[in-house]
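Hi,

Here is the structure I said I would pass on.

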Amino acid sequence: MIPCNFFSLQSLWLTENSYTLHLIMADSSKLTEVQIGQALGQWLPSSSILTTAESKRPYETDGLSAYRQMPYVVVLPATEKEVQAVLRYCYDQKIPVVARGAGTGLSGGALPHACGVLLSLAKLKEILEIDVQGCRVRVQPGVRNLAISQAVDSYGLYYAPDPSSQIACTIGGNVAENSGGVHCLKYGLTLHNIWRVRGFTMAGEAVEFGSEAPDSLGFDLMALITGSEGLLAVITEITVRVIPKPISAKVLLASFETVEQAGNAVARIIAAGIIPAGLEMMDALATRAAEDFVHAGYPVEAAAVLLCESDGIPEAVTEELRQMTQILQECGASEIRQARDEAERLKFWAGRKAAFPAVGRISPDYYCIDGTIPRRHLGQVLQRIHLWSKSYGLEVANVFHAGDGNLHPLILYDASIPGAFERTEELAGKILELCVEVGGTITGEHGVGVEKINQMCVQFGAAELEIFHGIKKAFDPAGLLNPGKAIPSLQRCAEGGRMHVHHNQLPHPELPRF
């Protein structure tokens with residue numbers, strides 16, 4: 001067995017054209033998988049420690065399966081104490097740790113470290129407390145998103161954020177990525193639907209963020225931990241907000257002859273002061289794939305389809321539907337159809353939520369990205385994506401949360417064709433940089449992970465990246481939690497040509513643009 005060498009970044013220097021990193025081996029760098037497993041066996045049963053290639057294979061990738069890396073060791077703790085023990089041991093031995101939920105993430109955020117421990121939280125799946133009067137549910141991170149709504153359904157309550165993967169994704173992963181869903185326009189992202197988060201730092205110190213009070217003193221650290229992609233702490237408990245199910249919910253399906261018309265309709269609806277419960281859009285390719293898969297009754301001849309939902313008291317829903325219908329007509333909708341009953345409403349949404357797997361049925365492989373743009377640029381951006389799709393010879397199916405401008409282009413390719421994935425990555429990068437160009441961001445809910453780390457150099461300047469690294473260092477001084485994800489080094493940005501080097505120095509960083 002050749003031991004894996006754990007390293008820490010000790011020094012670096014600039015050459016004329018690029019940075020060179022010096023990796024100095026740590027004193028405790030010659031531990032094998034078996035030795036680590038035996039050491040962790042002091043606190044975990046042997047069945048919760050995986051060291052063989054066969055047992056570790058399911059953990060080599062998350063939902064971004066184009067990137068794969070076998071973990072060195074996988075552990076599956078079942079209690080907070082076991083999580084804490086693993087972290088303390090790895091901290092003492094300078095072993096990197098990557099926390100993982102259900103592995104449904106789409107940015108490589110849970111991609112294992114080749115020389116590190118993959119810490120799965122799948123066994124922490126208890127619903128600890130349901131407070132009906134307080135509309136709160138306290139859960140462990142391995143609880144599935146949909147299971148929360150199922151647990152409180154008999155009380156007339158539900159958990160609002162509903163990612164397309166809600167049947168499988170876990171609440172811990174939702175917090176790590178600040179997940180949204182098709183109803184996030186009205187009800188917010190994960191951040192807006194949680195009260196409190198508990199976890200441990202890399203050193204095994206217990207930390208809590210937020211509270212069950214309406215507000216808490218000091219800086220808003222809840223917003224910091226939510227969406228931090230496992231870089232700051234390992235989450236072991238979350239208190240979520242559940243809300244009453246609406247009395248009435250109705251959905252309109254509108255079809256358009258061009259995507260520009262649909263995009264203009266989205267902008268007009270929001271500009272009119274209407275905040276629908278859901279406002280989703282699919283282009284022709286995505287619509288046809290979803291219809292063939294789910295048989296939701298979508299008009300497959302349409303260039304674009306909008307789903308517009310209103311919920312609340314019946315009178316308010318009726319008026320909101322009337323206003324949206326008028327706007328859709330004025331924007332050139334060729335057909336407007338209201339779901340006839342609850343079963344058809346759910347079918348409409350089932351088609352939208354199944355769009356990703358549906359596209360997987362028509363292409364050997366696809367690459368899903370997400371970027372967010374101002375709604376007024378929707379038509380312009382989609383037109384540019386269409387032109388690039390032609391020039392690259394790669395079809396793109398567009399599925400997105402149109403109400404908040406969160407795009408999900410799905411780039412279809414065949415990984416067996418030499419160079420196809422590299423062209424796909426290049427096109428994906430151009431789309432994300434276009435989002436920044438028009439005033440948007442490189443991600444809306446999928447996170448940065450390893451997928452978008454180069455585009456972080458486009459989104460942010462040196463001063464901002466230094467602040468991000470400072471926050472990371474405050475929580476994880478040794479840089480052992482999920483290393484290499486989300487926040488690029490200034491050196492990486494310089495090597496990629498995103499920041500220029502003069503006389504062996506980075507230019508003086510500009511002021512942050514948060």
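In which sense do E5 and E6 pair, and over how many bridges? They pair in the parallel sense, over four bridges. Before I go on, please keep in mind that this is a predicted model.

**The whole protein**

Let me step back for a moment. The protein has 17 helices and 21 strands. Its C-alpha atoms fill a box of roughly 70 × 55 × 45 Å along the principal axes. A compact globule of 514 residues would have a radius of gyration near 24 Å, and the protein agrees with that at 24 Å. Of the 514 residues, 54% count as buried. The accessible surface comes to about 22,100 Å², and carbon and sulfur atoms account for 53% of it. If you take the contacts between residues at least 6 apart in sequence, 71% of them join residues at least 24 apart.

**The four-stranded sheet**

Back to E5 and E6. They belong to an open sheet of four strands, ordered E3-E4-E6-E5, in which the pairing is mixed. E3 and E5 (97-100) are the edge strands, each pairing on one side only.

H1 touches E3, E4 and E6, and its direction makes about 20° with that of E4. H3 touches E4, E5 and E6, and its direction makes about 165° with that of E6.

Which of its residues are buried? They are Glu33, Ile36, Gly37, Ala39 and Leu40. Looking down the axis of H1, you will find these buried residues within an arc of 160°, so they line one face of the helix. In an α-helix there are 3.6 residues a turn, so residues three or four places apart point the same way. And what do the buried residues of H1 pack against? Their partners are strand E3 (49-50), helix H2 (53-56), strand E4 (73-75), helix H3 (80-93) and strand E6 (117-120).

**The five-stranded sheet**

Further along there is an open sheet of five strands, in the order E7-E8-E12-E10-E11, and here the pairing is antiparallel. Its edge strands are E7 (127-131) and E11 (206-210), each of which pairs on one side only. On average, neighbouring strands of this sheet are turned by 15° against each other, direction ignored.

E7 and E8 pair in the antiparallel sense over four bridges, and Ile130 stands opposite Val137 in E8. These two strands form a hairpin with four residues between them, where Cys135 takes a positive phi near 55°. On to the next pair: E8 (residues 136-139) is antiparallel to E12 (residues 234-241), over four bridges. There you can find Arg136 opposite Arg241 in E12. Helix H4 (residues 145-152) lies across E7, E8 and E12, and runs at about 45° to E7.

Are Glu229 and His295 buried or exposed? Glu229 has a relative accessible area of 8%, so it is buried. His295, at 54% relative accessibility, counts as exposed. Glu229 sits in the loop between helix H7 (221-225) and E12, and His295 in the loop between helix H9 (284-294) and E16. Neither is a glycine: Glu229 has a positive phi near 60°, and His295 has one of about 60°.

The last stop is Ala304, which is found in strand E16 (residues 304-312). Its relative accessibility is 0%, so Ala304 counts as buried; the cut-off is under 20%. What is Ala304 in contact with, once its neighbours within four places in sequence are left aside? The list is Ala254, Ser255, Phe256, Thr258, Val259, Ala262, Met281, Met282 and Asp283. For a sense of distance, Ala304 and Glu344 are 40 residues apart in sequence and 19 Å apart in space, C-alpha to C-alpha.

Conventions: Residues numbered from 1 in each chain as written. Predicted model: local features only at pLDDT ≥ 70, side-chain atom pairs only at ≥ 80, totals over all residues. Heavy atoms only, no water. Pairing = 2+ DSSP bridges. Axes fitted to C-alpha atoms, helices over the stretch in contact; angles between N-to-C directions. Contact = heavy atoms within 4.5 Å. Buried < 20%, exposed > 50% of the residue type's maximum accessible area, 1.4 Å probe, protein only. Arc of directions from axis to C-beta. Rg over C-alpha atoms; globule rule 2.2 N^0.38 Å. Areas by Shrake-Rupley, 256 points an atom, 1.4 Å probe, with all protein chains shown as cover.
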